[in-house]
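Open the model in your viewer and keep the selection panel at hand. The stops below go from one chain to the place where two chains meet.

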Amino acid sequence: MTSTSINESPTVPSPRRFEKPRTPQGKAAKALEERLGLAAGARKQLNKVFPDHWSFMMGEIALYSFIILILTGTFLTFFFDASMTEVRYDGSYIPLQGVEMSRAYASTLHISFDVRGGLILRQIHHWAALLFVAAMTIHMFRIFFTGAFRKPRELNWLIGIGLITLGILEGFAGYSLPDDLLSGTGLRIAEAIMQSIPVIGTWVAFLAFGGKFPGNEIIGRLYIVHVLLVPGILAGLIGAHMALLIKQKHTEFPGPGKTEHTVSGERMYPTYGAKAGGFFFIVFAVCAALGGLAQINPVWLYGPYNPAQVSAGSQPDFYIGFLDGSTRLFPSWEIRLWDHTVPAVFWPTVVLPGILFTLAGAYPFLEAKLTKDRAKHNLLQRPRDVPVRTGLGAMAISFYTVLLLSGGNDLIAKSFDISLNAMTWAGRIGVLVVPPLAYLMAYMVCLGLQRHDREVLEHGIETGIIKRLPNGEFIEIHQPLGPVDDHGHGQLQYAATPVPKKMNKLGNPGGARVRGFLWPVRERAEIEAELAALEQAEAEQHAKHSELTD
Amino acid sequence: MSIDTSKGSTPETTEDPALTADELAEMSVEEAMLAGAEADGVYIVHRRERFPIAGTKAERRAERTIAALFVLAFLSAVAFIVVFCGAVPFEWHLPGQGSQEFRYFTPLLGFTLGLSLACIGIGVVLWAKWLMPEEEAVQDRHDDPSPETEQIMTTATLISGYNDLGVARRSILKSTIGLASGALAAVPLVALVGAMIKKPNKGPGQSLFHTLWTSGVAVVYSDGRRVSPDDLLPGGIETVFPGVPGGVKAGDSPTLLIRLRPEQASKVQTRPGQAGFAWGDYVAFSKICTHAGCPASLYEQQTGRLLCPCHQSQFDVLRDAKPIFGPATRSLPKLPLGVEIVDGKQYFVAKGDFPEAIGPAFWERP
């Protein structure tokens, strides 16, 4: 080894023999090693390299919110009573005293008003649930648009689709538990959806509800689904998701020094681990602050569920919103054949999500089949370099967005004083027209960005310096990025990496050293100055040294 | 003082022959760590202390900033505990009755807990970014398939085991164990579904085709009082229920009693077979939307339209609650209304059940 160590200690390095550790940590490590023989395997994990890019943190947010959900949810189970038995409320929330309600609703009020700190835990739990699904969704966008789902990671994409589906189900089961007016309305719609399935629908609904709606089973059943069944499967799938990630290692963006056969970044221990651990606390901090400062699902304002009542502006949590929207937009098309009915609800609530999630799951395989790309990919693609995929993604997102907005079309109509029927028609037309337009726009933007990258490679960066030629013509001076040919055209090939577009980005091929999301993070000037001085000193010493040896 | 080894670019050629324990023990911590990383296929191509000169002002300032964050985290965690344990009361009181300080309880908890967590989180991240060595490591992916030799041996192991099982030769075992495990696999499914399954429309109060309304059942409010034709003004609306045990709670009971305005009553177009269902200018419809089962609650008395707030289906009351906009396909079922006289006062009764199933449609519904 020719390199010098960083902490050059003046003393001779003392032998570190495993047989005789001196520190308590050393003794503990030895005890563990003798029993489990972890040293080699554990070091491999400690040395695991993680790439550093802000877009990779979406999945982390989802994982951390799942942990927060487990922590806060466990607290809530100590006080929640998933029973539909009718009781007369006698807690401290005076406006509902004496009102008949289910024990589920009464115990939710109890958590909110009579358990010390119960309200904030409930609200943190609800906010974390929204964050969980939202982060998974954004994480999925990142995976999709950069092509991270390609071989060899198709299986993890499928697990991800399973996670997001179960996350939505888990959220629905969770917010149905309080048995308040809003969530009860949601359950009634869920019953209508079950009933709408051809042939077996009535059986499914009677099975789930233990009879005709509302029955007295559904809250208890949803509870065990919500606290054991689905979280258990989620935990297992998250474990598999992580295990595959560790085995296959992260993807990373292409750039100088990046290859298909390596992954670069920081080692897990200590730097990356510290950053990720710190980020967990930051995510938790956001949830805690939201839970304390931003009211969510104030069930005491809605009252207990009553099949005869509903509030105007009844909206589900956002991740169900697209289904609410599709149900509102779908026309009154009911199939009636031979004394049987396929209700209109069936298409937008069973068939549509079925198609959407199946298409999403099948996408990696469809793309591989259509592009005939069977190669392994560890380097990501820039969305602009795959305009068709980016267009399809834009199409899917805009489709989803129109449905989501239509899920709140009554609120939009009220806020902006628009006719409700006009909003419905706008959604019906929009859901067909907007996605193709989004495809076209995204496709064109991709091509435009590609062209601009190539233009800069060929003609150089616009310097903003205007020069007047002797013949009176004004031209802008362009700074070539590399060697030019006789016509002044750049010789660099596009390498699927960011191209510098400004003069102060020059010298940063690939942008690898420019960190930060909204603006570049700069090393602080003092550190730079110190480093410069240090390097100069080193250089001088080196020069002296070579003089001596020459 | 940065380590820019050439190992990152050509790792294969510089692979050290395995180091002995003695050699490793003689190395500095740094060197042994690098040797370990290399053994794991990790090449540290760039590594530099953030503050190569220890103990400068800048370094001490960074350290102090992070420490200040941790102190703040400590203080706000203590503040959380103090607030939680009673410094701020949490018992709810009506406005104007008793202390309103409880309104600060949850926000203060959120603020202190959020601040504490944020300070720890940001502190640790800054610790990593400001003080831990800057490093760029490259790791071999080793994601090639196993060597061909391994593949051949594993395939052979699998085939040999398969032969040992003798499944190919003993086809009777193969088919019988398949039969047995197939049936056994169905057991949990059958047990769960079999325990939960309920035959639809069977048993008292379980039919989707009938409600608790029958001929002669009193029309009551949710508190059980009977409804009289004098109760509503023209254009008025009330949610009423069948006056039988459990009538107010049942999911299919809610019924809208509407008193039309006199000028509207003359314009009513009834569906075939529902001519005698109204009483005077009173009409009654099932409140359960025929689309997804929400209560169709919003009545616009000027236009005689009912709106369901869940999916915006609209029904024209003057045309026997025919759907005129939105996703609903069926009219709201109409309740035949009558009146009986008790103690000289008129009260509404039903003259029968709804003539059709109420609420959202289902497969068996004609």
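Select residues 49-294 of chain A and colour them: in this predicted model, the domain assignment calls that stretch domain 1. A distance between the C-alpha centres of domain 1 and domain 2 of chain A comes to 55 Å.

Now show the whole of chain A as a cartoon. Chain A holds 17 helices and eight strands. Along the principal axes, its C-alpha atoms fill a box of roughly 95 × 80 × 45 Å. Of the 550 residues in chain A, 37% are buried. Among contacts in chain A with a separation of 6 or more, 70% join residues 24 or more positions apart.

Next, bring in chain B and select the contact between the two chains. Chain A puts 97 residues into the contact and chain B puts in 88. On the chain B side, the elements giving two or more residues include α3 (57-87), α4 (105-131), β2 (134-140) and α6 (171-196) of chain B. Pick α4(B) from that group: with 16 residues, α4(B) gives the most to the side of chain B that touches chain A. Coloured by class, this side of chain B shows 50 nonpolar, 21 polar and 17 charged residues.

Zoom in on A:Thr262, and you will find B:Asp140 of β2(B) standing opposite.

Terms used
Residues numbered from 1 in each chain as written. Chains lettered and ligands numbered in written order. Predicted model: local features only at pLDDT ≥ 70, side-chain atom pairs only at ≥ 80, totals over all residues. Contact = placed C-beta atoms within 7 Å. Helix = DSSP H or I, 4+ residues; strand = E, 2+ residues; numbered from the N terminus. Nonpolar A, V, L, I, M, F, W, Y, C, P; charged D, E, K, R; others polar. Pairing = 2+ DSSP bridges. Domains from an automatic or database assignment. Buried ≥ 20, exposed ≤ 12 C-beta atoms within 10 Å, placed from the backbone.
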